[in-house]
Every structure is written in structure tokens, then in C-alpha cells.
Amino acid sequence: MDNREEVREFLTSRRAKIAPEEAGLPAGSRRRVPGLRRSEVAALADMSVEYYAKLERGNLAGVSPAVLEALARALRLDDAERAHLLNLAQAADGSDALTRPRRRRTSREQWKPHRSLQWTLDAVTAGPAFVRNGRMDILAANQLARAFYADVYATPGNQANLARFNFLDPASHRFYPDWDQAADMAVAILRTEAGRNPHDKDLHDLVGELSTRSQEFRTRWGAHNVRHHGTGIKRFHHRVVGDLTLAYEGLEMAAERGLTLTIYTAQPGSPSEEGLRLLASWAATPPTPAPHSSR
């Protein structure tokens, strides 16, 4: 994930998404590329065309916060895209390694939840609660989350990774009725993490694996979309309890930088709330031992 290439492709993709009319500019009749021209972005950002062209070639090192903010306004970046641009600029400066608190490695093999965190997860009994990192590894979960993601945990070689499940396991198309939306969201989370933590070898390896094995992933990765995954509604189809419509809240963990605590809940009195109750009952039921064969 070369930083210059990442910057170039991100800025180019954002420029291509803006119709001239959205920016208050005439569309004209001889546009060879979608979106705005470099000269139009430069004018909107109050900078020379030559300087903007330098930025779009990937040269963000040393760029001031004021210039980055002007660029964000010109390209109509949302909060997630603006944060991503700032992360890319910090990486170009090398300041990510100098000024940010160092992240601990948080792969499933190298990180274990401290006891009070697991107690906290286990105290959530009405909905799935789990902790994931920016690579979408599930690192810790309550009993209901393990039952909810039974297919994810059951997939050989998946290592409880939600992105692998999304793109490499056919069961994900059943589990996510809105599969395209779930796929877009997964890639946007990984792309956001790549900007935030550009030297993460485990992330590089995951992106390489998914790019090699999934055309759906490659297409989405090339779109350079990012997002903050904070709150919303999702639909699921669980193989045991059927359809579920759940609200989610994603909370950044102050004590564990780079990790997110997510809790799913159902609307009180809804069929989905009853579905979660049934799932909790199923999760709490010990498996029936296989009968012994007589000789």
C-alpha cells in the first residue's frame, strides 16, 4: 500500500464523484473524464493548478492543515473521508510513527481480553456484543455473539474474520440479505484502517489474500471508499432463528486503541427481539451427545 499511490487514487476517485453542477460549475460539453477537472478543484480550493496537480500525484508531505481543509471542502469530503485524508497526510510526513501513540498488535493470536472486558461483554445478555480490530477480526465476544456469528466461527481457516467470511464464504450471502451493502461496508472499514495504520503487515496480508481470491473485493477496494462505522440498522438471516433486524452501536475503546466494541439490539416487542431470545436459548443449550454404537 504505497502512500503516494494511495493518495493519488483517493484524490482522483473523490474528484471523479463530483458532478460540476454539484459544485456550482457549468457542465460543458467536452468532458473526457467523469467529475471535476483538476483546474476546477484547484479553483474551488483557492490554489494553483500546478500545486493541486502535485498533491494529486501523491505529494502530501509537508502540506499544512489549512491546505488539507481547503482540499476537503473543494472535494466535498464527509467526516470519514476528511479523517482519511488527514491520516494519509500524516503517513506521508512520517508523523504517524512519531506523534501517534504506538498501537499494540491485535491479532487473535497476540491479544487476549483482560478479565474485566470479558466480564463486561458477558454482562450484555439481550444482544450480541463483541470486540473487533480494524482488520475485522473478532477478538472477544459474549455467548450470544458467538451464537450469532456461528457460521463465521465454523468456517475453516477463517480465523473469525468478518471480511473473509463476507467475501470467501458462500454462507455470507444467506447471512447478509443485503449482501452488497455488507460488502461495501466491510471494504470501507478495511480501507479506513489502511489509512489509519498504513504499516500493519497483517492488514496488508489480508487485503492481498482477498484481492487474489475475490473479484467482488478487488472492485470495491479500487473504489477507495471509507466510512465511520458508528450506528445504524442491519438485516440478517440466521440459520437457526431466521430473519433479524438489529440496531448496532460501535464504540471506540479508550483503553485499547484501535479496537471497537459493537453491540446489537432489537426493537423492544419486535419479532427480532423474540428471535434474539430464541438464539440465546439455543446458545445456552448444551449439544446432545452422539449415541454410542454397540458392538
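**Entry 1: helices H4 and H5**

I began with helix H4, residues 65-74, and helix H5, residues 79-93, whose axes come within 10 Å and cross at roughly 145°. I am working from a predicted model. I noted the hand of the H4 and H5 crossing as right-handed.

Next I listed the contact residues. From H4 I wrote down Leu68, Glu69, Leu71, Ala72 and Arg73. From H5 they meet Arg82, Leu85, Leu86 and Ala89. I sorted the residues of this H4 with H5 contact into six nonpolar, no polar and three charged.

**Entry 2: the whole chain**

I stepped back to the protein chain. I found 15 helices and five strands in its secondary structure. The C-alpha atoms fill a box of roughly 85 × 45 × 40 Å along the principal axes. Of the 295 residues, 47% are buried. I also looked at contacts between residues at least 6 apart in sequence, and 56% of these join residues at least 24 apart.

**Entry 3: the sheet**

I then traced the strands. Five of them make an open sheet, in the order S2-S1-S5-S4-S3, with antiparallel pairing. Which strands stand at the edges? I found S2 and S3 there, each with a single partner strand, so one side of each has no neighbour in the sheet. From one strand to the next, the twist averages 30°.

I went through the pairs in sheet order. Strand S1, residues 129-132, pairs with S2 in the antiparallel sense over three bridges. Here I marked Arg132, which stands opposite Ile138 in S2.

S1 also pairs with S5, again in the antiparallel sense, over four bridges. Ala129 stands opposite Ile263 in S5.

S4 and S5 run antiparallel and are joined by six bridges. I picked out Tyr248, whose bridge partner in S5 is Tyr264.

How many bridges join strand S3, residues 231-238, to S4? I counted eight, and the two strands run antiparallel. Arg235 has Thr245 in S4 as its bridge partner. S3 and S4 form a hairpin, with three residues between them.

Last, I checked what lies across the sheet strands. Helix H15 lies across S3, S4 and strand S5, residues 260-265, and runs at about 85° to S4.

**Entry 4: Leu244**

Is Leu244 buried or exposed? Its relative accessible area is 1%, so I recorded Leu244 as buried.

I listed what Leu244 touches, leaving out residues up to four places away in sequence. The partners are Phe148, Lys234, Arg235, Phe236, His238, Ser272, Gly275 and Leu276. I also checked Gly230, which is 14 residues from Leu244 along the chain. Their C-alpha atoms are separated by 19 Å.

**Entry 5: the cores**

I looked for nonpolar cores next. The largest has 41 residues. Which residues have the most contacts inside it? I noted Phe148, Tyr149, Tyr176 and Leu190. Phe148 had already come up as a contact of Leu244.

The strands are S2, 138-141, and S4. The helices are H8 (143-148), H10 (162-168), H12 (179-196), H13 (201-213), H14 (215-221) and H15 (271-284). H12 gives the most, with nine residues.

I followed up Leu190. Not counting residues up to four places away in sequence, Leu190 touches Gly134, Arg135, Met136, Ala163, Leu203, Leu206, Leu210, Phe217 and Trp221. Another core lies apart from the largest one. I recorded 24 residues for this other core, among them Leu11, Leu55, Ala70 and Ala74.

**Entry 6: helices H12 and H13**

I noted the crossing of H12 and H13 as left-handed.

Which residues of H12 meet H13? I found Leu190, Glu193 and Ala194, and they meet Leu203, Leu206 and Leu210 in H13. I sorted the residues of this H12 with H13 contact into five nonpolar, no polar and one charged.

Terms used. Residues numbered from 1 in each chain as written. Predicted model: local features only at pLDDT ≥ 70, side-chain atom pairs only at ≥ 80, totals over all residues. Heavy atoms only, no water. Axes fitted to C-alpha atoms, helices over the stretch in contact; angles between N-to-C directions. Left-handed = near helix turned anticlockwise from the far one by under 90°. Contact = heavy atoms within 4.5 Å. Nonpolar A, V, L, I, M, F, W, Y, C, P; charged D, E, K, R; others polar. Buried < 20%, exposed > 50% of the residue type's maximum accessible area, 1.4 Å probe, protein only. Core = buried A, V, L, I, M, F, W, Y, C linked by side-chain atoms within 4.5 Å. Pairing = 2+ DSSP bridges.
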